[in-house]
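Reader: Hi! Could you walk me through this structure in plain words?

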Amino acid sequence: MSEFISKMTSNQPVFDDNDPQDELITLNIGPTHPATHGVFQNVVQIDGERIVSGVSTIGYIHRAFEKIAEHRPFYQITPLTDRLNYCSAPINNMGWHMTVEKLLKIEIPKRVQYMRVIVMELARIADHIICNGILGVDTGAFSGFLYVMQEREFIYEIFEEICGARLTTNIGRIGGFERDFNAIAFEKIREFLNRYPPVLKEFEEMFVRNRIFIERTSGVAAVTPEEALDYSWSGPILRATGVDYDVRVQNPYCSYEEFDFEVPVGTTGDVYDRFMVRNEEMWQSLRIIEQALEKIEKEPKGVFHAEVPDFYLPPKEQVYTNMEALIYHFKIVMGEVDTPKAEVYHAVEGANGELGFYLIHDGGRSPYRLHFRRPSFVNYQMFAPMSAGMLISDAIINMSSLNVIAGELDA
Amino acid sequence: MENSFLLEKLQENFPDKIVEIPDAHHLLTVLVDVEDVIDILRFLKGSNELQFIHLTDITAAHYPHLEKEFAIVYHIHSLVHNIRIRVKVFLDGPNPEIPTATVVWKGANWMERETYDFFGVNFLGHPDLRRILNVDDMDVFPMRKEYPLEDPNRVDKKDLYFGR
Amino acid sequence: MSDIKLAEAPPGVEGAGFFATSLDKAIGLARANSLWPLPFATSCCGIEFMATMGSTYDLARFGAERPSFSPRQADMLLVMGTIAKKMAPVLRQVYVQMAEPRWVIAVGACASSGGIFDTYSVLQGIDEVIPVDVYVPGCPPRPEAILDGVLRLQDIVKNESLNRRNTPEYKALLEKYGIHTNK
């Protein structure tokens with residue numbers, strides 16, 4: 001010790017070349033680490049607190065969705081899509097329904113499309129609430145999370161009113177919805193439009209100009225648009241780099257082209273920009289929902305599905321009492337309906353990016369092959385390369401802002 | 001930009017190497033040979049006129065009844081012109097091989113690892129071709145049609161109770 | 001007068017200035033009302049657990065105020081979500097690291113039985129690798145159901161004899177899962 005002290009006081013370097021503190025340390029983060037919000041494992045080499053290199057291991061909740069999908073009829077695949085990105089299950093449900101409708105060339109009535117838009121935008125808000133709330137928690141501000149979580153509970157109440165479930169919603173059917181939104185649902189959606197803006201305002205006031213938050217996030221994990229595109233990024237994190245790619249605008253589905261909304265983009269692609277993009281998207285989603293409610297008013301009341309008895313399951317009470325309904329029910333459930341042999345790729349703007357469904361159909365009861373293009377999976381692969389040179393604490397924030405959902409990552 | 005223009009451009013640059021597969025949903029689908037696929041992908045990305053800069057997806061499908069068992073499918077998106085293309089390559093089984101697309105897009109890395117994990121497609125030149133989702137010591141490629149969905153070793157679920 | 005409710009005292013003999021009960025009961029009471037949960041959340045059920053911990057449902061009301069992310073300082077392992085075969089050794093490791101007495105709740109269909117994922121990659125219920133005390137049904141269970149699961153576990157904890165963890169039966173149970181106790 002005295003040697004160490006004498007070194008400290010002299011002009012000689014404190015550590016010589018053989019010092020153990022020069023060595024890199026291998027640190028295993030995950031798969032059950034509390035800071036990773038899910039089952040991700042990263043084995044990193046660290047020099048002090050700085051990451052030198054890292055390797056991601058995923059697959060800890062691989063559930064073989066694509067294999068299951070080859071054994072299930074179309075309508076039984078909807079519950080599987082729930083469990084992809086479970087923070088915004090309705091977007092996945094709608095994406096899947098639209099894929100099948102594209103395959104079967106089903107025209108969806110306008111009112112149903114607007115209803116779908118409402119459901120999807122509510123889900124987007126619920127997802128962004130979790131992501132931005134957790135980002136706040138990771139930068140040390142817990143209260144913001146609690147503020148917005150209450151509103152997420154309210155969104156879940158709306159979902160309960162629409163379909164009966166909170167999280168894994170299984171909303172809708174191929175061809176429309178299983179039932180119309182009831183009056184309480186509409187009322188609650190309107191109430192949400194009134195009560196959420198002040199909360200969101202308060203939430204963003206806590207962060208946007210907050211010195212601590214800016215210091216922790218600004219300039220952290222900045223990504224150039226070229227890098228982001230090279231790694232096939234999509235969604236809010238791509239838009240944060242300045243690329244204005246949004247599937248809702250580029251390939252509109254569900255009549256998104258009729259809506260007036262803006263696609264927020266960032267400039268530097270850092271964590272702060274991602275937060276701001278998601279935040280602004282919530283405001284835009286509120287605008288979209290408002291417009292959708294107006295548009296629904298103008299459509300004929302009570303329409304909640306397309307008239308496609310070959311594909312749309314008849315109401316249960318009719319199945320028990322009506323011959324025709326029973327036949328259709330039987331045909332749909334037993335897979336006796338003729339379906340075209342075709343390949344379809346359909347993408348929707350999921351909360352994390354482009355959520356694509358690639359369906360190869362050979363006319364049978366279930367898909368011949370179904371592939372999910374999962375944004376979390378594609379986005380996450382850049383995490384380990386981009387972590388090199390970062391502080392561990394920054395890498396953790398970076399991971400929160402990527403909003404990787406384990407279910408979607410591992411499929 | 002129209003599909004016909006895109007197809008023309010491709011055929012101009014790769015005469016006799018592009019076969020169009022008709023698609024009912026306005027997505028240009030082309031069938032190419034395994035030798036040319038990387039050149040074509042490179043052309044699609046690098047061409048100033050086309051600018052297919054966004055690799056949407058790479059996946060595969062297994063057709064055990066066909067002579068060439070495996071299809072590798074690339075979905076590529078030109079964000080500038082807002083047009084998509086699907087490039088298909090058929091490969092011989094049971095040990096299919098194809099050059100890696102990581103030389104064109106870095107994002108192809110995990111997509112190809114996933115495809116290898118599920119189908120056993122060997123991507124030649126891939127920097128890190130390991131299993132990604134399944135356990136490392138698995139010795140089958142589960143998405144091939146001959147493998148069952150359920151774990152054949154499980155003891156507590158009798159097929160009888162599940163209507164199988 | 002505060003409106004804080006006290007836990008109900010166990011049955012015992014009461015007299016002037018004294019209350020006598022068995023040590024088992026007193027310790028059971030203390031344990032049951034201060035369970036430290038270790039949330040082992042992998043998927044959808046984890047999000048519902050987030051709601052359970054959050055402001056509306058508030059698990060802390062039942063004495064589980066402190067979620068412990070370290071297995072060493074937790075006594076209630078809540079397994080929420082699908083456990084893939086790749087994850088199973090990790091789960092077992094976490095269980096082994098927990099100190100006795102330890103209890104396990106399998107939350108949701110996946111943790112209880114594999115749920116809808118009867119596939120090659122998913123463990124068909126965590127009871128194949130660790131012993132489970134309470135199963136909570138649902139896919140995912142509502143927060144109320146998770147709370148109910150915790151309350152059912154409290155009943156078990158209250159009535160557990162102090163000697164249970166030393167009995168040959170308990171050791172045999174752990175042996176069955178390949179977990180060796182040194183004592």
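This is a predicted model: local features need pLDDT of at least 70, side-chain atom pairs count only at pLDDT 80 or more; totals for chains, interfaces and linings use all residues.

Reader: What ipTM and pTM does the predictor give the complex?

Author: The ipTM is 0.93 and the pTM is 0.92. For chain C, the mean pLDDT is 89, and 98% of its residues reach 70 or more. Here pLDDT is the predictor's confidence in each residue, from 0 to 100.

Reader: Let's take chain A. How many helices and strands are there?

Author: Chain A has 18 helices and six strands. Helices (H or I, at least four residues) and strands (E, at least two) are DSSP runs, numbered from the N terminus. The C-alpha atoms of chain A fill a box of roughly 95 × 45 × 35 Å along the principal axes.

Reader: And what percentage of chain A is buried?

Author: Of its 411 residues, 53% are buried. A residue is buried if 20 or more other C-beta atoms lie within 10 Å of its own, exposed if 12 or fewer, and partly exposed in between, with C-beta atoms placed from the backbone.

Reader: Which strands make up the open sheet in chain A?

Author: The order is β4-β5-β6 in chain A, with antiparallel pairing. Two strands pair if DSSP finds at least two bridges between them. β4 (342-349) and β6 (369-373) of chain A are the edges, and each has a single partner strand, so one side of each lacks a neighbour in the sheet. On average, neighbouring strands here are turned by 10° against each other, direction ignored.

Reader: How many bridges link β4(A) and β5(A)?

Author: Eight bridges, with β5(A) covering residues 354-361. Within this pair, Glu349(A) stands opposite Glu354(A). Helix α4 (residues 89-104) of chain A packs on the sheet and touches β4 and β5 of chain A, its direction making about 150° with that of β4(A). Axes are lines fitted to C-alpha atoms, for helices over the stretch in contact, and angles run from 0 to 180 degrees between N-to-C directions.

Reader: What do β2(A) and β3(A) form?

Author: They form a hairpin with two residues between them, and Gly48(A) in the turn has a positive phi of about 65°. β2(A) (residues 41-47) and β3(A) (residues 50-57) run antiparallel and are joined by seven bridges. Val44(A) has Gly54(A) as its bridge partner.

Reader: New topic: how many residues does each of chains C and A put into their contact?

Author: Chain C gives 27 residues and chain A gives 25. α2(C) gives the most to the chain C side, with four residues. By class, that side has 15 nonpolar, nine polar and three charged residues. Two residues are in contact if their C-beta atoms, placed from the backbone, lie within 7 Å. Ala, Val, Leu, Ile, Met, Phe, Trp, Tyr, Cys and Pro count as nonpolar, Asp, Glu, Lys and Arg as charged, and the others, Gly among them, as polar.

Reader: Last one: is Ser2(C) buried or exposed?

Author: Ser2(C) counts as exposed because it has 5 C-beta neighbours inside 10 Å. Ser2(C) sits in the segment before β1 (13-15) of chain C. From Ser2(C) to Gly12(C), ten residues along the sequence, the C-alpha to C-alpha distance is 25 Å.

Methods: Residues are numbered from 1 along each chain as its sequence is written. Chains are lettered from A and ligands numbered from 1 in the order in which they are written.
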